[in-house]
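Try each task before reading its solution.

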Amino acid sequence: MRNHWWKVAGVLLVLYSLYAGLVNDVPRLAILNETIRNIYFHVPMWFTMMFLYGVSVVYSIIHLSKFEMKSDLVADYAARTGMAFGFLGLFTGMIWAQFTWGSFWVSDTKLNGSAATMLVYAAYFVLRNSVEDEQKRARIAAVYNIFAFVLMLVFIMVLPRLTDSLHPGNGGNPAFASYDLDNNMRLVFYPAVTGWILIGVWIMQLQIRIQKIKTYLESK
């Protein structure tokens, strides 16, 4: 049980954020109104995605330095799990956009950058599946993964801050923390981010274990 405390913590934090995110009071702001509650669900998806992509690129670098296949396995499934959370981030963001901007998709730098990021990582998986040799596949994928992570940072973190964007904290638009993420919301937001990251890591580990079992059974 000592080794699984963080899993229990992740579940409890997510459950708490789900309940408090729907029940607790939120600031009554123009346009946003009750939709501001989506910050507890939409933003943690992106934080979790970026964290898992970060894990993936770290293990890709480890693979290039040690050429251990277990590091490539972690890099692969960290990216897979990260992409799943990326799709959840896009989905929750599209719902939010419909209620605040009047459309599921608008011409916004961060939205377009997010879509480009998903395509970049989709290409990562296409590349992996196109190379048959295991060692060669791992090396090529590791190199591409480094470039993919850099592009993700550019598309999501850099370009939106240099150009006009509807998203808070980008293009001169003030961040949530500066005008509407009050102390009560922080008590839900930060546990939500932490909880979903822990759940994301847990999902990644489960996928890795399943793959190891499949590999073991196939070798019999």
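**Exercise 1.** Find the residues in contact with M204, leaving aside its neighbours within four places in sequence.

*Solution.* This is a predicted model, so let the coordinates guide you. Select heavy atoms within 4.5 Å of M204. Once the sequence neighbours within four places are set aside, you are left with L52, V55, Y77, A78 and T81.

**Exercise 2.** Which residues have the most contacts inside the largest nonpolar core, and which elements build it?

*Solution.* Start with the core itself: it holds 33 residues, and M49, Y53, Y121 and M204 have the most contacts inside it. Next, look for elements that supply two or more residues: these are α1 (5-23), α2 (42-66), α3 (69-100), α4 (109-130), α5 (134-162) and α7 (183-219). Of these, α3 gives the most, with nine residues. Finally, look for a second, separate core; that one has 13 residues, including I36, I39, V188 and F189.

**Exercise 3.** Describe α5: its span, its kink, its N-terminal cap and its packing.

*Solution.* Begin with the span: the 29 residues of α5 reach 40 Å from first C-alpha to last, close to the 42 Å expected at 1.5 Å a residue. Then find the kink of about 35 degrees, centred on V154. At the N-terminal end, D133 is the cap, with a side-chain oxygen 3.3 Å from the backbone nitrogen of Q135. Last, pick out the buried residues of α5, among them A138, N145, F149, M152 and P160. The buried residues of this helix pack against α2, α3 and α4.

Key
Residues numbered from 1 in each chain as written. Predicted model: local features only at pLDDT ≥ 70, side-chain atom pairs only at ≥ 80, totals over all residues. Heavy atoms only, no water. Core = buried A, V, L, I, M, F, W, Y, C linked by side-chain atoms within 4.5 Å. Buried < 20%, exposed > 50% of the residue type's maximum accessible area, 1.4 Å probe, protein only. Helix = DSSP H or I, 4+ residues; strand = E, 2+ residues; numbered from the N terminus. Expected span 1.5 Å × (residues − 1). Bend = angle between axes of the 7 residues up to and from the residue. Polar contact = N/O pair within 3.5 Å; in protein donor to acceptor, adjacent residues only side chain to side chain.
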